[in-house]
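Reader: I'm new to this one. Could you walk me through how the descriptions follow from the numbers?

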Amino acid sequence: MPQLVAPDVALLPLLPILLVLTGALISTLLGFWVGRRVLTVINIVTVVLSGASMMLVWNRNLTSFAGGLQADNAAILLGLTILVGTLMTLLVSLDTAWRERVSFPEFDAMMMYAVTGCLLIVFSGDLIVMLIGLEIMSLAGYVLATFQGSRRAEESGLKYFLLGAVGSAILIYGIAFVYGATGSLNYAAIAAKVGSVSNLTPDNVGILVGGSLLLLAGFGFKIALVPFHQWTPDVYSGTSTTTFLFLSTVVKVAAFAGMLRVFGGALTDAPGWASVLQVLTAATLIIGNTAALLQTNFKRMMAYSAVAHTGFLAMCLLGTPELGGAALGYYLLVYTLMTGAALAVLAALQRTEAGFEISDMRGLYYRHPAYAIALSVCLASLAGLPPFAGFFGKYLAFQAAFQNGYVWISVLAAVTSVAALIYYLRPAMLMFMPDRTPAREYLHGQRSPTTFTVGLGVAGITVLGILPNVWYSWVANPAIWQFLAGR
Amino acid sequence: MVPTSYYIALSGLLFAMGMIGVLTRRTAIMVFLSVELMLNAANIALVAFARSWGDLTGQTAVFIVMTLAAAEVAIGLAIIVAIFRKRETTNVDDLAAMKG
């Protein structure tokens, strides 16, 4: 008679996820009785509590579910980045959701479920937990994209859903192949198996390469890597701006965290994927930046800017685990802050969900001085101008790729950054030009939660730009990323 | 005993059929059906690999993938129905207001 072994379920490492899940469940149930603003405030509290509970598990490397869940320091740093993005979205939604006609409790519930999935990816210790998190995140994301119910939102929701489902299917096939090659789904066990080629028969090496390329393609759909980026501009510009903020910060950070766990951890030593990733990164840099240059609508330009930034962020994955992990950890937070603040301004000032034309931004400084200055700081940071944090983030990404031997990618990224300078600074300059025509933006958009979010973003990128070590000293510890890679 | 490679060939065939379906079919429902085919190809591969390793983890993973597929159906059909109500079509070529 075999003995029944009780599963190893430690609740402490689960605590940050459980708190966010509590927020989601509260929104689902209480949504029948109380208004959405109350729920949003409750969710903000649960997000802050979840961040505090991450401090509890800091430096303890706890695991749960027999290694299925890992609350290591990498997870906590990326988890905090996700919570910052969530907080910004929730605050902005307090002001904009009613104008975007998404002000019902389900919006909050879906968002918090998505964040639960994001945290599950970040804390995952094996491929199946990662997959579950990714699906929770994506499924809630499809609903969020469709929520508004306008023709544009429905179109964007269906595109997101169909391409996201294809991406998930490819990802699952990749998981099956990696399992077939290594006989395990756990990151640490895969890393141990992949570590020396003698562990694998030649057949299995072939299966492993196939599996890791399928995983790369699946993740490529989630992070909008060219050529899997085609849904991105339509989904981002078709959905409500608050959802755009959420999808382009939180969801992207989580997908990158999953990539870091899989490619920076389990498959670090696997052959093949890095050479394909460098080609895709180069394509992303070229196509993302060129397409953004051609846009006339600010919202759509920001959507292409998200694709371009995928290229810069993916460069971090080409670096060694120590340098690349640190660069990605730093850049993701900065990216969240600057994109979040820029889109918060857009959400507050746009008149319709189509955003505004870049030419309409002329003279914005004379109508909304504070927001115009904040927006130009964000754009300068996105363009990578010192003294803002975007500069340091790009520098770290270039350095990570350069030091690992990808010199040509670094050169290409530097060239495309110049193109980025043009399309980011053109609206920034237009805002300060005098204009006598009547205002073409929403005049009553300046409200305190949005102002707080924008202030948080601008203060964050300025402080992190001048004193990068405030955050970099946390993420730069090589032990964190070596632990991730199982060394 | 049937060698594992046969099962993998079958799953590869299914996956390729699904992929071709995704790329060529023009109605949302058929695209979605093709995605389901790809998911089941992954399930066959997982079970076959689990058998060849003599390890049950892969087989339990299949249950999770099946559950995820069911959840995806729920969300996907809801979106497709919402669109069909408004436009009386689910042809993906008609959903092209945004381009470029």
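Author: Happy to. In this predicted model, helix α12 (residues 298-318) of chain A packs against helix α16 (residues 389-403) of chain A, at an angle of about 40 degrees and with the axes 7 Å apart.

Reader: Which residues make the contact?

Author: From α12(A) come F312(A), L313(A), M315(A), C316(A) and L318(A), while α16(A) brings K394(A), A397(A), F398(A), A400(A) and A401(A). Sorted by kind, that contact has nine nonpolar residues, no polar ones and one charged.

Reader: How do you know that chain A agrees with a compact globule?

Author: A compact globule of 487 residues would have a radius of gyration near 23 Å, and chain A has 21 Å, so the two agree. Buried residues also make up 66% of chain A, where buried takes 20 or more other C-beta atoms within 10 Å.

Reader: And what touches what between chain A and chain B?

Author: Here 32 residues of chain B are in contact with 29 residues of chain A. On the chain B side, α1 (4-24), α2 (28-53) and α3 (57-87) each supply at least two residues, and α3(B) gives the largest share, 14 residues. That side of chain B divides into 26 nonpolar, three polar and three charged residues.

Key
Residues are numbered from 1 along each chain as its sequence is written. Chains are lettered from A and ligands numbered from 1 in the order in which they are written. This is a predicted model: local features need pLDDT of at least 70, side-chain atom pairs count only at pLDDT 80 or more; totals for chains, interfaces and linings use all residues. Two residues are in contact if their C-beta atoms, placed from the backbone, lie within 7 Å. Helices (H or I, at least four residues) and strands (E, at least two) are DSSP runs, numbered from the N terminus. Ala, Val, Leu, Ile, Met, Phe, Trp, Tyr, Cys and Pro count as nonpolar, Asp, Glu, Lys and Arg as charged, and the others, Gly among them, as polar. The radius of gyration is taken over C-alpha atoms; the globule rule is 2.2 Å times the number of residues to the power 0.38. A residue is buried if 20 or more other C-beta atoms lie within 10 Å of its own, exposed if 12 or fewer, and partly exposed in between; C-beta atoms are placed from the backbone. Axes are lines fitted to C-alpha atoms, for helices over the stretch in contact, and angles run from 0 to 180 degrees between N-to-C directions.
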